[in-house]
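Colleague: Could you walk me through a structure I have just opened? I'd like to go through a few residues one by one.

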Amino acid sequence: MGKVFVFDHPLIQHKLTYIRQKDTGTKEFRELVDEIATLMAFEVTRDLPLTEIEIETPICKTKAKVLTGKKLGVVPILRAGMGMVDGVLKLIPNARVGHIGLYRDPETLKPVEYYVKLPTDIEERDFIVVDPMLATGGSAVEAIHALKKRGAKHIIFMCLIAAPEGVKALEEAHPDVDIYIAALDEKLNEKGYIVPGLGDAGDRLFGTK
């Protein structure tokens with residue numbers, strides 16, 4: 001069973017407060033999302049495997065730890081997920097980046113895949129799927145389905161703000177996926193927006209309405 005990890009780090013909580021405020025402009029919003037993604041990536045990568053090598057310091061030879069070179073991939077859900085990619089890559093610059101695009105069918109209201117571009121060595125990589133919001137959970141569930149049906153074995157989901165409804169939906173659909181959340185909010189409103197939330201993350205990242 002996957003775990004749900006809600007961050008309580010003071011720096012993340014501080015930056016989230018400014019992201020939530022309606023008068024935070026596009027430039028500052030974008031920078032804050034980037035910074036929080038970096039802080040979250042620090043914790044998400046905690047269990048990366050290490051190996052020991054011999055090095056020489058200015059004083060003597062010694063053994064020290066380095067990453068084993070495990071292959072990683074970062075997959076934003078378009079378009080809002082793009083705002084978190086650079087923040088993650090600051091810590092794991094060798095990760096490959098894939099993209100998954102989804103739109104909501106106006107009749108069924110279910111997410112439909114329209115664009116998927118992933119690294120060719122999918123089965124050899126651990127993937128971090130990123131999206132600022134986990135509201136109903138529909139997009140996250142479908143994006144992870146898209147990865148799994150192409151051969152991905154180990155997937156983590158990372159978001160800034162989640163509603164309990166979205167967490168439940170994602171846990172039920174993908175019980176093997178760990179979920180990392182900067183803040184777990186109260187609920188969804190009748191329009192499917194997270195309360196208190198931050199509004200539409202894509203519009204606020206890219207200055208659109």
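Colleague: Is Ile 194 buried or exposed?

Modeller: Bearing in mind that this is a predicted model, Ile 194 counts as buried, because its relative accessibility is 6% and the cut-off for buried is under 20%.

Colleague: Okay, and which strand is Ile 194 found in?

Modeller: Ile 194 belongs to strand 13, which covers residues 194-195.

Colleague: What is Ile 194 in contact with, leaving aside its neighbours within four places in sequence?

Modeller: With those neighbours set aside, Ile 194 contacts Met 133, Leu 134 and Ala 135, then Ile 161, Ala 162 and Ala 163, and also Asp 185, Lys 187 and Leu 188.

Colleague: Which residues does UniProt list for "binding site"?

Modeller: The UniProt record, which is an unreviewed entry, lists Ile 194, Gly 199, Asp 200 and Ala 201 under "binding site". In the model, the lining of the largest pocket includes Ile 194, Gly 199, Asp 200 and Ala 201.

Colleague: Let me pick Ala 201 from that list, then. Where is its place, and is Ala 201 buried or exposed?

Modeller: Ala 201 sits in helix 6, which runs over residues 201-206, and Ala 201 is buried, since its relative accessible area is 5%. Not counting residues up to four places away in sequence, Ala 201 touches Phe 29, Ala 80, Pro 132 and Met 133.

Colleague: Changing topic: how many aromatic pairs does the structure hold?

Modeller: There are 4 aromatic pairs in the structure. One of them is formed by Phe 5 and Tyr 180, a tilted pair with 5.7 Å centre to centre and 35 degrees between the planes. This pair links distant parts of the chain, with Phe 5 in strand 1 (residues 4-6) and Tyr 180 in strand 11 (residues 178-184), 175 residues apart.

Colleague: Which residues form one aromatic cluster, then?

Modeller: Phe 5, Phe 7 and Tyr 180 form one aromatic cluster.

Key: Residues are numbered from 1 along each chain as its sequence is written. This is a predicted model: local features need pLDDT of at least 70, side-chain atom pairs count only at pLDDT 80 or more; totals for chains, interfaces and linings use all residues. Side-chain values use heavy atoms; hydrogens and water are left out. UniProt positions are given in the numbering used here, feature names are shortened, and annotations may be inferred rather than shown by experiment. On a 1 Å grid over the protein atoms alone, a cavity is a set of points where a 1.4 Å probe fits but cannot get out, and a pocket is an open set with protein on both sides within 12 Å along at least five of seven lines; lining residues have an atom within 4 Å of a point. Helices (H or I, at least four residues) and strands (E, at least two) are DSSP runs, numbered from the N terminus. Buried means under 20% relative accessible area, exposed over 50%, partly exposed in between (1.4 Å probe, protein chains only). Contact means heavy atoms within 4.5 Å. Rings of Phe, Tyr and Trp (its six-membered ring) pair if their centres lie within 6.5 Å; planes under 30 degrees apart count as stacked, over 60 as edge-to-face and the rest as tilted.
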